[in-house]
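Reader: I'm new to this. Can you walk me through reading a structure?

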Amino acid sequence: MMRNLVVLNGSSHPQLGESICKRLGTTPGKVTLKKFANQETNIEIGESVRGAEVFIVQSGCGNVNDNFMELLILIAACRTASANKITAVIPSFPYARQPGATDRKTGTTLSRLDADSVDRYKGMYNGQLPLTPELEHIDPTKAGPVPVPLKLALKKQTKSTASVAEEVPQSSAQSQSQEDGLNSSPAKAVPRNIQSKTESIPSLDGAKDAVTRISTISISQSNIVVTPLTVPKEKTISTHLVFPTPGTTTVSAAAAESNGYKHWTARSGTLIANLLVTAGADHVITMDLHDPQFQGFFDIPVDNLYSQPLILKHIKENIPNYASAVIVSPDAGGAKRATQIADKLNMDFALIHKDRRIKVPTRSMSNIGTLTATGGSHFVSDMMIVGHVRNRVCILIDDLADTSITITQAAKILKEHGATKIYAIITHAIMSGDAIDRINDSPIDEVIVSNTIPQDDHIKRCPKIKVFDVAPLLAEAIRRIHNGESISFLFEKDVA
């Protein structure tokens, strides 16, 4: 029995919290979690936590936003109740990744829509992909001076910067002499030096032809202004369809995807870290962050535990003749993680490499999951293997599987190149949408996942899924933190 220690379990994964408490030899703290009629979260702590070290177990799964808000309220409640130290145990950390497949460089974001939402968004923008607003064509006879920043105007001038430097001091000196009263006669108006320039405006939808604009640079005492003169070439806006409608046509979006404008994307890492700290968290424990640099958003200690010892143990005990198998990373991002496992087990390593070369018909959002010939096309990733897998057992290693597209495509490539058996080991198996169906239809023989996310429903739907328990690792980390012992020891020796 550990003294002055309280473990509170959230509603996202109560089974994992109970397993941790059992491993620690304690009982879960008393807490009431419920919602009001309007779905607001209500929490009541049923025991005293004054002066205690509190560990709150809440994984980022299920209804992520509600569960995260519940975690924040739990932390705030313990802080209000005078807890000595509050540690948030988040096995699967939410908002730790920003998917790159859901945005286009043309300035819009493509969301993962469910079937019920497709009809609601189908009529937006008349089924067309909205582009960033294009530069307007201004009538030179009616247009006035358009002020632009000094640095931008000087940068885009075709004439040398030395010529600009000669003209600006002249006007500045004249202004200074007038202020000092050195010239008693009325100041003469300084003539405005007019210089013409031609600038090329890049096409926002990736077209090869750019808009050409001829304008004048007027250098005055106050600033530099640009006055458009003519726009000799018309700009064509892309009609690439997101939600194709009958009777409409599309044009190729390949150029837009490769050379178009890249919009601003919200990065939520700082916000999530600030929310946890503001709520009152003193410490965070998580596992296999999708991006380890995410720890830099926090001003409090963050222990990013690795599932590697448990994966090594499972491979040794459950995969026959593992020494002759090949560790495979399904993408370049996970290469470091996979090579570490291959080195520890003295196994060969292979990598699935993506190369953007193939042009395919555009995906119709009116029929999600299928490719329809809507008249347009775009580039997709061509996947190739770096390494030898023919007539060998392959073990795919990945930290996260959401839609499972990457892992199943990698398995297909391995099978086509002669792999005899394919295992997939995943730390955080979210399995959203039809991910389970993809795995069932894939050549993967066995999928080994951790229980950082509840897997009971996934196991019922997919007999290929096997689970390894991370509760011993988390419990040992909690015990060591509570006793002030080293955490690095967990990665030097396998946890029993």
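Reader: Which residues does Ile-272 touch, leaving out those up to four places away in sequence?

Author: A contact means heavy atoms within 4.5 Å. By that rule Ile-272 touches Phe-68, Phe-93 and Tyr-95. Keep in mind that this is a predicted model, where local features need pLDDT of at least 70, side-chain atom pairs count only at pLDDT 80 or more, and totals for chains, interfaces and linings use all residues. Residues are numbered from 1 along each chain as its sequence is written, and side-chain values use heavy atoms, with hydrogens and water left out.

Reader: Where does Ile-272 lie, and is Ile-272 buried or exposed?

Author: Helices are DSSP runs of H or I with at least four residues, strands are runs of E with at least two, and both are numbered from the N terminus. Ile-272 lies in helix H7, residues 269–279. Buried means under 20% relative accessible area, exposed over 50%, partly exposed in between (1.4 Å probe, protein chains only). Ile-272 has 4% relative accessibility, so it counts as buried.

Reader: Which residues of H2 are buried?

Author: An α-helix has 3.6 residues a turn, so residues three or four places apart point the same way. In H2 the buried ones include Phe-68, Leu-71, Leu-72 and Ile-75. The buried residues of H2 pack against H7 and several strands, among them S1 (5–9) and S5 (85–90).

Reader: And what comes just after H2?

Author: Ser-82, with a positive phi of about 65°.
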